[in-house]
Amino acid sequence: MSLSVTKRLSLGFFTLVAFTVICQLLASFFISQMEKDFYEITEINARLQIKAAETLDVNQEIRILYRQIVLDPPATRTRTQTAYNTAKTDLLRQIKELEPFFSNPEFPPTQEEKDAFARIKSMHIDALAAADKVVALALADQLEGARLVITNEASPQMSKLNEQLREIVHIENRLSAKKVERTQANIALIQKEMLVVIVIAVLV
């Protein structure tokens, strides 16, 4: 049984409307995902990268200072100790400020991120203990002992801590790149949906 012109037009119209609604729902989902990804890139990943880089800078400053105190003449070691204590306090503050990024229920971290931060929390304790030992030996004028601690304890542990801080930066870079790729793919899908709607509208 053939349909009348009116029925065919009505069927075509409602088909177009239904398809347009489906495309709109899909587009809304993709746009919501893009907004979430954009927020995470700018407010989570980028900020975490900056904070990890700042923490790395402070750790490097500590490495310079505990070596410097061994080279200093006795008259200036107290001044270097003060600078070291300031940098140490700053490092502890920086690590504490990193923690909320890894315990955010709204934007939960990946397992890779959690593992990396757990290593940082563990390593910084031993690294600072070794650095404190260097400073204490230098202040006691036990310079040979201080050099041995630098070689055998402080330097290896500080290097490992630096590696983990750099790893956080690399992880955030990778996560941001994946989200950018997903956003680009979503944009391409939305464009294809719009093209299909236009084609159907022309055919109908």
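Author: Let us begin with Lys114, which, leaving aside its neighbours within four places in sequence, is in contact with Phe102 and Pro109, where contact means heavy atoms within 4.5 Å. The model is predicted, with local features needing pLDDT of at least 70, side-chain atom pairs counting only at pLDDT 80 or more, and totals for chains, interfaces and linings using all residues. Residues are numbered from 1 along each chain as its sequence is written, and side-chain values use heavy atoms, with hydrogens and water left out.

Lys114 is found in helix H3, a helix being a DSSP run of H or I with at least four residues, numbered from the N terminus. At 38% relative accessibility, Lys114 counts as partly exposed, a class that falls between buried (under 20% relative accessible area) and exposed (over 50%), judged with a 1.4 Å probe on protein chains only. Ser103, although eleven residues from Lys114 in sequence, lies 8.8 Å from Lys114 in space, C-alpha to C-alpha.

Helix H3 covers residues 111-139, and its partner H2 covers residues 74-98; the two pack at an angle of about 170 degrees, with their axes 12 Å apart. Those axes are lines fitted to C-alpha atoms, for helices over the stretch in contact, and the angles run from 0 to 180 degrees between N-to-C directions. H2 and H3 are therefore roughly antiparallel to each other, since angles over 145 degrees count as such, while those under 35 are roughly parallel, 65 to 115 roughly perpendicular and the rest oblique.

In this packing, H2 contributes residues including Arg77, Tyr84, Leu91 and Leu98, and these and others meet a set in H3 that includes Phe117, Ile120, His124, Leu128 and Leu139. The residues of this contact divide into twelve nonpolar, three polar and three charged; Ala, Val, Leu, Ile, Met, Phe, Trp, Tyr, Cys and Pro count as nonpolar, Asp, Glu, Lys and Arg as charged, and the others, Gly among them, as polar.

Gln164 lies in helix H4, and with a relative accessible area of 11% it is buried.

Finally, the loop between H3 and helix H4 (143-203) holds Asp141. Most residues other than glycine have a negative phi, whereas phi of Asp141 is near 65 degrees, a positive value.
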